[in-house]
Structures are given as structure tokens and as C-alpha cells.
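Dear colleague,

Please find below the structure that I am handing over to you. My notes on it follow directly after.

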Amino acid sequence: MTESSVLSGRAFAKEVRRNLADEIAGIGGRPPGLAVIIVADDPASRVYVSMKEKACGKVGIDSTVVRLEETVSQAELLRVIDRLNTDPLIDGILCQLPLPGHISAAIVASAILPEKDVDGFHPENVGRLWRGEDGLFPCTPVGIIALMKHSGISMDGADAVIVGRSNIVGKPMAALLLRENATVSVAHSHTFDLEGLCRRADILIAAVGRPRFIKREFVKPGATVIDVGISRTDDGLAGDVDFDNVADISGAITPVPGGVGPLTIAFLLSNTVKAWKNSGVVS
Ligand code: NDP
């Protein structure tokens, strides 16, 4: 790639959803089932859950939303998960984050059956990811890898720098890039010389949650820049990358909105279809 291009996650996600709809219709029989658990009434979570429901409906996935009060005990939530684990019509289960303080996200992640764990947070799926085995892996990093492949961006041998080391984005992103034979560095809030490290990257992935944190000086000319961040600011949604001052020196860049965001939902649907196909219901 010689000149900068804006990678449309939105357009690619649409294609992924269309392919999933065709695949589900082609296989027929019982449709895939996704259960989304939402605890408390957080407005942002409500928006995400309704987007997930709508997206499921469009491709032919049956979605069920289980709404629980903020005061629900962890034991009761685990009982709900248990019921969904044994429900033959449910292929995928996810529990929308964040959870109230009295509930452990780690215990919840471990309670969901690994084969229904469409968020890819269960320790078994995390282990499978790092061991290079098949499994269900976190939707945002899976979507980013698929977008780069689709866009013809070569990862083999590339210097990849991820800023952020969360279990949801940074760490699984590192594992997936290693699988693609990239040379991976993971930066975080203790990293010395972040700018110098980022400037070496052929592929720079920002998952920090700080608006316009990645400046022009951080970016090697021609690099692929993937912006995972979503922050609400007075001017609307902002990514982690100072897009206006970075786009022209990058080789390729994702915008916010319309970049990584739509991929996350598309690959949640993709994980649900994968779990459905693995469930034995599809011959
Ligand atoms: P976390 O808050 O869990 O992680 C943020 C990471 O950024 C941490 O590892 C932290 O380091 C690092 N960090 C913070 N400040 C600095 C700094 N000054 N220098 C270097 N590293 C720093 O966030 P998430 O990974 O969950 O999410 C990141 C962003 O991505 C958020 O804006 C979130 O909304 C967005 N997001 C978007 C998705 C999408 O679909 N587009 C999906 C998931 C997330 P340390 O570990 O040392 O604290």
C-alpha cells in the first residue's frame, strides 16, 4: 500500500453479516441462539445490548436478553448462567460488562461453558488462544485480524505494537498477531518511551481509552493504524488516535466511528454461528 487508505470496518462488517445470514439460511434447521445477560440498567450497556439484538435478528440468530436487577446476587447470576448452559436452544452466552462491584467478572467468565463462551473470556478459551488451538476468541481482536487480512495488510514478520493490555483487547490481540507471525510488543501505562516504541511499528493498535492520545509523532510513515478506542467527548465519539493529524502519514487507518466498532458485533455473530455449528445441531 503506497498511499493512505481509510479502512471501513462498517463496510466489511456488513459483508461479514451478509455472509453469515447466507450461511445460516443455507444450513437451515434450528437457528443459532444467543443469550445476552444484562445486570443493572447502565445506559451504555443498554445501547450495546439493543445493537446486538438488532444485529442478531438481521442475520437470523434468535437472541434472548436476560435482564437482572443491579442487586442480583452473584449466586443467582451463576444459576441463570447454569440454566443457559444446559438450554439446548442456546449456543452462545455473554454477560454484558461492566458488572456491579459485588459480582466478579472472572467468576462469571469461568461459569459460562467454554463452547458457549462467545466473548472468548473463559480461561479454557484464553489457554487455547495462546496455545494456537481452535476455540472462541474475543470478538474485537478477531475482527481486527479479519479486517487486516481482508484489506491485504501483511502481518507476517511485521513489527506490531499494541498500546493497552486488557483481557478484552490488548492481550488477545497480541496472541492473535503472534499467530499471524507478527513480532509483537504490548505497551501499557508503565512503558518507557512509548512514542519511540510506537514509531517503530508497522502495525500500531491503540486500545487505551484516551481520546486522541496517539499523535502524529508516534506513527511511522506508512504504518497501519488501528484505533480501538471509543470515548465520549463534548464533540461526540473520539478514538485513541488523533485521526486528523495521523491519517495522511499512515498507510492505512481505521476511523472512529465506523472502524473497529462495527467489527465487534459482526464477529460476535460469527462466534455465535461457530458455536452453533460446533453444537452438533448442524450435520
Ligand atoms: P482498559 O481500560 O481495560 O485498558 C486500557 C489500557 O490502556 C491499559 O492496559 C492501560 O495500562 C493502558 N494505558 C492507559 N494509559 C496509558 C498511557 N498513558 N500509556 C500507555 N498505556 C496506557 O480498556 P479496554 O482495553 O477495555 O478498552 C480500551 C478502549 O477501547 C476503550 O476506549 C474502550 O471503550 C474501547 N473498546 C472498543 C471496542 C470496540 O468495539 N471498538 C471494544 C472494546 C473496547 P495499564 O494496564 O498499565 O493500566
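A35 stands opposite T64, a residue of β3. Strands and helices are DSSP runs, numbered from the N terminus: a strand is E with at least two residues, a helix H or I with at least four. Two strands are taken to pair if DSSP finds at least two bridges between them.

The model is a predicted one, in which local features need pLDDT of at least 70 and side-chain atom pairs count only at pLDDT 80 or more, while totals for chains, interfaces and linings use all residues. Residues are numbered from 1 along each chain as its sequence is written, and side-chain values use heavy atoms, with hydrogens and water left out.

β2 and β3 belong to an open, parallel sheet of 3 strands in the order β3-β2-β4. Because β3 (62-68) and β4 (92-95) each have a single partner strand, they stand at the edges, and one side of each is left without a neighbour in the sheet. On average, neighbouring strands of this sheet are turned by 15° against each other, direction ignored. Helix α3 (residues 74-85) lies across β2, β3 and β4 and runs at about 175° to β2. Contact here means heavy atoms within 4.5 Å. Axes are lines fitted to C-alpha atoms, for helices over the stretch in contact, and angles run from 0 to 180 degrees between N-to-C directions.

The sheet of 6 strands

A second open sheet has 6 strands, paired in parallel, in the order β1-β11-β8-β7-β5-β6. Its edge strands, β1 (5-6) and β6 (183-187), each pair on one side only. β6 is joined to β5 (residues 159-163) in the parallel sense over 5 bridges, and within β6 the bridge partner of A160 is V184. Helix α7 (residues 170-179) lies across β5, β6 and β7 (203-206), at about 170° to β5.

The loop between α7 and β6 holds N181. Phi of N181 is near 70°, a positive value in a residue other than glycine.

The ligand

Which residues come nearest to the ligand? Among the 21 residues around the ligand, they are R165, S166, S189, I230 and T264; a residue is near if one of its heavy atoms lies within 4 Å. The protein covers 70% of the 930 Å² of accessible area that the ligand has on its own, as given by the Shrake-Rupley method with a 1.4 Å probe.

The shell comprises 9 nonpolar, 10 polar and 2 charged residues. In this count Ala, Val, Leu, Ile, Met, Phe, Trp, Tyr, Cys and Pro are nonpolar, Asp, Glu, Lys and Arg are charged, and the others, Gly among them, are polar. Helix α10 (residues 260-278) supplies the largest share of the shell, 3 residues.

Cis peptide bonds

L97 and P98 are joined by a cis peptide bond, with omega about 0°; P98 is in the loop between β4 and α4 (105-111). A cis peptide bond, again with omega about 0°, joins V256 and P257. P257 is placed in the loop between β11 (252-253) and α10.

With kind regards
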